[in-house]
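Thanks for coming. I have one structure to go through today, so please bring it up on your screens.

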Amino acid sequence: MPYISTRDGSAPPERLPFEAALLHGLAHDGGLYVPEHWPHLSGGGLAALAGNTYAEIAAAVTEPFLEGAVAPAEWRRMVEQAYRPFTHRAVAPLKQLGPSLWLMELFHGPTLAFKDYALQLLGPLLDAVLKRRGERVTVVAATSGDTGSAAIEACRDRPSIDVFVLFPKGRISEVQRRQMTTVPAENVHAVAIEGNFDDCQDLVKAMFADAPFRAALNLSAVNSINWARIVAQAVYYVAAAAALGASERGIGFAVPTGNFGNVYAAHVARRMGVPIKELVIGTNRNDILARFFNSGLMSIGPVEPSLSPAMDIQVSSNFERLYFELSGRDGAAVANAFRAFRESGTLPSNPALWQEARTLFSAHRVSDDDTRATIAATYRGTGELIDPHTAVAVASAMAARRDPALPMVALACAHPAKFPDAVESAVGFRPTPPPALAEALRRPERSNVLPNELAAVERFVADRARAKQEAMR
């Protein structure tokens, strides 16, 4: 299956194989890669997957996107190995909270957050492709909290990969920071940036836009701008739909959303044939997505700290993929629209596109007070302790769902122990950290603090990247 850029205005657009999209991450024109067409679930579709293991479902969902980059038998072994260490046999278990409302726990991986479900696949996939090609890459990533630790865990100690993770200084939880800064691996570099997440994301995009720098260091990305991340995240939506019999009655999902990648992965599952009838976007006070879906206006505001810091984002990169689709896959129109967005802070108005987007998604804003109240109410009513991001999903599921009879799944995207202060403020006690997390809290930290300046960040990365050192020999 070929891949194209969301900003390629040529006719026909340049078509790249999966392997190139995987290694490049971000297209050279600044766009994001998407498949040229949508595959459909094969072999009997969704109903045939009921009762399969999570790894079996993951292999079935992802194989059509790989286009021969890995032999099917090898890929199935890789998938099986990726999910074997997860601490729950179901990998992504479902728990019923009430009538037609379920919770899908996505925190049973090594860093206790949903990012593990994609990155534990992406790390070995990158490694396998690079070994075959005899290449090394420099992974640069921006994180609002959980992507960084998951990327580090997936890429640590891999001889073909150096990983640099930029995170906003003082704007993530202590647990999230320590999961990045206490990993004793020589190929791992955690960098605190004096700014917010959008600044970190802009620095990563600027490094990719710097063609000589990108080439010299062989840059690659593991943020959700990388298509492999998106398709791997689509798996758990398919698994939940199969488990709840969605082929007979349909299903809905409520997703706490900042960068739009996780909820866009649900849209991918829908395009593959999963009967997802509702997708509810939950935002915190940084509500650029809720404002767009409810008013048609997408305008950047200041990033405000909240109880759910992984969603403290005002520029949702993956929204571009949806915009490309709803624009009739017109790369030139997308390039012009997003150039204007970055220059003015406001996406040009497109009422027809907005109306179509509203048929696909609904959105709801959840305040910090409502987040605490939802954590407390969920614990009182069910005994389940949830983190603030999960609380945004649960609150949004109850407030913005259109059909109360439709089975609705709220995504539990992080273990509550990752946000002990927020949880304690809601229920009066701190969650017990799992053993792996307790160990991270005891280990010494090592990190670097850099200004929000491209030149300073590029110097830091270039001085430490083995890909450039090898190229200079």
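Predicted model: local features only at pLDDT ≥ 70, side-chain atom pairs only at ≥ 80, totals over all residues.

Residues are numbered from 1 along each chain as its sequence is written, and side-chain values use heavy atoms, with hydrogens and water left out.

First, the cores. By nonpolar core I mean a set of buried Ala, Val, Leu, Ile, Met, Phe, Trp, Tyr and Cys residues joined through side-chain atoms within 4.5 Å. Buried is under 20% relative accessible area, exposed is over 50%, and partly exposed is in between, using a 1.4 Å probe and protein chains only. The largest nonpolar core has 124 residues, and Phe-253 and Leu-411 are among those with the most contacts inside it. Helix α10, residues 227–243, gives the most to this core, with 14 residues. Helices here are DSSP runs of H or I, at least four residues, numbered from the N terminus. Apart from that core lies another, of 26 residues, including Phe-197 and Leu-450.

Leaving aside neighbours within four places in sequence, Phe-253 is in contact with residues including Met-104, Tyr-237 and Leu-411; contact means heavy atoms within 4.5 Å.

Next, helix α12, residues 261–271. Ten of its eleven residues are buried, so α12 is largely enclosed by the rest of the structure. Just after α12, Gly-273 takes a positive phi of about 115°.

Last, Gly-381, in helix α17. Gly-381 is exposed, at 63% relative accessible area. Its C-alpha is separated by 9.1 Å from that of Gly-98, 283 residues apart along the chain.

Key:
Helix = DSSP H or I, 4+ residues; strand = E, 2+ residues; numbered from the N terminus.
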